[in-house]
Amino acid sequence: MNATVSLTRPAVSVAIEGVNLSYGDNHVLKDIDLAIEPGEFFAFLGPSGCGKTTLLRLIAGFNRADTGRVTIGGRDISSLPPWKRDVGMVFQSYALWPHMSVRRNVAFGLEERGVKRAEIERRVEAALDLVGLGHLAERRPSQLSGGQQQRVAVARTIAVEPKVLLLDEPLSNLDAKMRVQVRRELRDLQQRLGLTTIFVTHDQEEANTICDRIAVMNDGVVQQVGTPMELYEHPANLFVAGFLGTANILKGRVVGSGAERGFEIDGQVRFPVAAGVAIPEGSALVFRPQHASLVDANEAPEGALTLPCVIANREFLGASIRYGARIGATEVSVDMPFQSGTDLFEIGSAARLTLRPRSLHWLPV
Amino acid sequence: MTAVPTTPSRARAFSATPGQIALALAIAAFLLVFLVLPVATVIYVAFTEKGTSTFTLVNFHDFVRSELFMRSLWNSFYVSAMSVAFASVLALPLAYLTTRFAFRGAAIVQTLGFLPLIMPPFVGAVAMQLFFGRNGSINLLLDDWLGVKIDFMEGLNGVIFVQSVHYFPFILVNLSAALRNIDRAMEEAAQNLGSSGFRLFRRIVFPLALPGYLAGASLVFVKVFDDLATPLLLNVKDMLAPQAYLRVTSIGIADPMGYVISVVLIIASVLAMWLSALALRGRDYATTQRGGGGLARRVMRPHEAVLGYGVVILILALVLAPHLALLLLSFATIWSFSPLPDAYTLAHYGRVFGESSLYIKNTLIYAMLAGGIDIVLGVAIAYLVLRTRLVGREWLDWMATAALAVPGVVLGIGYLRTFYGITLPDGTPLAALWITIVLALAIRRLPYALRACHAALQQISVSLEEAAENLGATKARTVRRIVVPLMTGGILAGFVTSFATAAVELSATLMLVQSNSDAPLAYGLYVFMQSAAGRGPGAALGVVAVLLVAACTYLSHLIVERSQKAKGSGHRP
């Protein structure tokens with residue numbers, strides 16, 4: 001065992017292979033395959049009930065898969081009980097034991113491992129210093145603020161130098177300001193330790209800001225894996241497009257050919273589409289509000305695709321203004337940057353919606 | 001931290017109305033006269049020379065020098081401590097089984113929690129003699145088969161046996177609740193850090209459940225220490241509570257030793273409560289945090305299930321034994337030196353509903369009045385404490401709750417001494433009137449009714465009342481039209497609990513019953529059970545009492561459930 005908390009063990013990979021899990025008729029995890037690189041900060045992102053926490057608890061050993069296996073550093077841990085897995089988990093509720101001081105909480109895992117007393121003391125100090133709580137070691141958990149409790153929970157887990165760090169919605173019990181601060185601290189800590197870390201969250205902003213890669217999950221299925229930018233720029237399906245940021249999703253069909261080729265929505269609105277663009281059968285047109293813009297009804301910018309529209313509503317968002325632009329029976333959101341003095345489009349007035357062809361996505365419905 | 005001074009306008013907004021002040025004063029006067037004064041009288045007499053008002057410690061000196069009293073003191077401690085120990089032995093495995101395993105027997109075990117409410121322990125004492133006594137069913141069978149007899153019921157053993165079988169559910173209920181309230185993540189966090197099995201139980205689960213265990217254990221200790229009728233019926237006289245009773249009834253109300261013993265009883269029960277409060281300080285873990293869910297339950301393996309059911313059935317048999325014996329006895333013609341009665345009859349019930357129906361009528365009146373007084377006081381005190389800024393309102397709460405620490409026999413002696421001197425115009429002393437029995441019962445049960453009312457009021461959002469006031473209702477009308485209707489479930493539950501437990505209370509009333517025509521059911525039971533010939537009718541009366549209390553308990557359960565359901569669907573506070 002090593003004297004300090006700075007990571008002296010090499011980081012390990014985590015692999016989830018062909019995992020299925022059901023509670024009775026409820027198929028919670030469906031054919032999950034994921035490979036997490038050593039030292040990576042990885043997120044399971046999805047709405048509540050998507051199976052992300054179940055998957056995390058499966059890695060910690062609190063759930064058992066019906067099929068498939070979990071390996072850490074190439075070693076199959078599927079049959080090990082939780083107390084032999086050596087993966088550290090920070091619980092959503094922190095789960096600090098109220099009958100023990102902060103110091104005793106942090107020392108617990110080391111005591112269970114039979115580490116020598118002097119060694120325990122040193123490593124508890126180191127872990128508490130790492131999260132900046134050395135001065136509160138003798139307090140009871142109930143005497144700490146939410147942010148401090150969260151840091152104690154992290155210190156308790158990293159004090160045992162786990163192979164992998166699992167974080168179950170660690171920021172959900174903090175207020176908005178603390179959340180931003182603590183997520184930076186977590187990222188910073190993970191970078192310093194170089195520890196393979198898996199982070200469960202339903203908040204895309206949290207995942208985007210601190211994670212290297214994200215697995216977006218829905219309904220027990222991994223929808224897409226990638227870096228935050230990849231997911232945003234090239235969503236694999238409508239769920240990912242809608243879950244990461246706002247997206248206009250328009251369903252319709254391809255009509256005509258050559259110069260007449262277009263994407264028809266509701267049998268009336270027609271987006272012109274160049275002949276070279278391949279559109280798979282049954283696709284929806286997807287674009288983000290900030291990738292569209294509005295110009296005066298009589299303007300026609302070069303190289304852009306334009307359609308006449310009517311302004312249906314207007315919301316002030318601070319840095320931008322979100323317009324609802326109605327094209328026939330369809331309404332799309334368009335974000336225009338806001339600066340003082342900008343002329344605004346009035347509700348009910350006519351305008352032209354313009355789109356850059358390369359910012360359009362065609363995704364299977 | 002510096003105290004933030006309340007602004008004058010805010011202080012005025014929260015100061016009490018004249019009506020509230022009058023109400024508080026009336027309650028304070030009631031509690032002073034019927035709780036504080038009698039107890040203070042007992043303490044005063046214990047510390048003064050007989051017949052004078054000179055302060056003295058000589059009475060305590062006599063107490064310490066008396067071999068009988070010192071033995072009684074030791075016996076009371078010994079019996080209480082051993083009862084806690086045996087009750088723990090019964091309760092621990094049941095609590096563990098029901099909270100850690102997915103176990104069909106759990107529902108049966110949970111209903112055991114109501115049994116102590118249903119039958120006073122002294123009724124069980126006689127019935128237990130028939131099964132476990134020297135010539136009871138079990139020993140007769142043991143003698144036949146193995147040629148041995150076991151002294152379950154001899155002397156102090158008998159008291160310990162009866163009390164621990166009777167009171168163990170207090171530990172079971174408190175401990176199970178504590179175990180169930182532990183956040184599952186508490187256990188999982190320990191497993192995640194490498195802990196498992198018995199170490200996990202010892203380091204995490206048990207410490208978190210300890211407050212529940214201590215609360216139950218101290219309750220059992222105090223109840224056993226104060227119990228008067230069980231040792232008396234088992235013919236054990238050298239314990240403190242029976243000694244206090246015997247001194248006052250045989251030597252007389254002027255004899256100081258009864259008062260000295262009373263003071264010792266008060267000290268012991270205050271001490272036990274203080275120690276448990278001390279042990280619990282800073283440990284009131286609200287561990288049902290955001291995660292919640294209770295501990296993980298495991299499905300039992302076949303051999304574990306066999307063992308589990310074995311333990312449950314054995315304990316269940318033990319718990320049901322007094323009830324079964326009582327039922328048999330109530331139908332028995334003669335039951336002596338045989339495992340089962342010789343023949344069966346309905347004559348005992350005929351007698352109970354004939355000449356003894358007076359006991360039942362008295363009990364219904366007394367318990368109803370006591371329950372009524374309790375909920376009126378309970379609602380009023382809860383309202384004053386939770387909804388007004390009246391200075392000293394907590395004192396009302398503390399005073400009412402302090403009744404918990406006053407043993408029934410002490411209250412009885414206090415009433416006799418305090419109110420015997422006060423006579424009505426026609427010359428009868430106040431203490432001889434049946435109304436004093438009602439008042440003693442009301443004071444004894446007030447802490448429980450107050451808790452129920454307090455809890456009911458606490459659940460009502462203040463904004464519901466503010467909305468009524470905003471729409472023009474005065475304080476008094478708001479209470480009548482909003483607060484009381486919303487509290488109905490809690491109030492009824494408090495009433496039924498007070499009623500049911502007052503119906504079988506004996507330790508205070510034993511002192512205060514002056515004539516047979518004023519006697520309640522529990523007193524009649526006690527009188528019947530003392531003679532061999534009276535045991536049959538006594539048992540029949542006991543069955544009636546058990547059914548009465550069981551019906552009430554079930555009723556209160558129904559009321560609470562229905563009112564919770566109604567509120568749950570109606571609105572969310």
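The domain bounds used here come from an automatic or database domain assignment. The model itself is predicted.

| Domain of chain A | Residues |
|---|---|
| domain 1 | 14–234 |
| domain 2 | 248–364 |

Taken over C-alpha atoms, the centres of domain 1 of chain A and domain 2 of chain A are separated by 42 Å.

Chain A also contains an open sheet of six strands, in the order β6-β7-β8-β3-β9-β10, with mixed pairing. Strands of a sheet pair through backbone hydrogen bonds, either parallel or antiparallel. At the edges of the sheet in chain A stand β6 (87–90) and β10 (221–226); each has a single partner strand, so one side of each is left without a neighbour in the sheet. On average, neighbouring strands of this sheet are turned by 20 degrees against each other, direction ignored.

The partner of β10(A) can be followed in detail. Strand β9 (residues 213–218) of chain A is joined to β10(A) by five bridges, and the two run antiparallel. A215(A) has V225(A), in β10(A), as its bridge partner.

The last topic is the interface between the chains. Here 21 residues of chain B are in contact with 20 residues of chain A. On the chain B side, α10 (184–192) and α11 (197–226) each supply at least two residues. The largest share, seven residues, comes from α10(B). By class, the side of chain B that touches chain A has nine nonpolar, eight polar and four charged residues.

Technical notes:
Residues are numbered from 1 along each chain as its sequence is written. Chains are lettered from A and ligands numbered from 1 in the order in which they are written. This is a predicted model: local features need pLDDT of at least 70, side-chain atom pairs count only at pLDDT 80 or more; totals for chains, interfaces and linings use all residues. Two residues are in contact if their C-beta atoms, placed from the backbone, lie within 7 Å. Helices (H or I, at least four residues) and strands (E, at least two) are DSSP runs, numbered from the N terminus. Ala, Val, Leu, Ile, Met, Phe, Trp, Tyr, Cys and Pro count as nonpolar, Asp, Glu, Lys and Arg as charged, and the others, Gly among them, as polar. Two strands pair if DSSP finds at least two bridges between them. Axes are lines fitted to C-alpha atoms, for helices over the stretch in contact, and angles run from 0 to 180 degrees between N-to-C directions.
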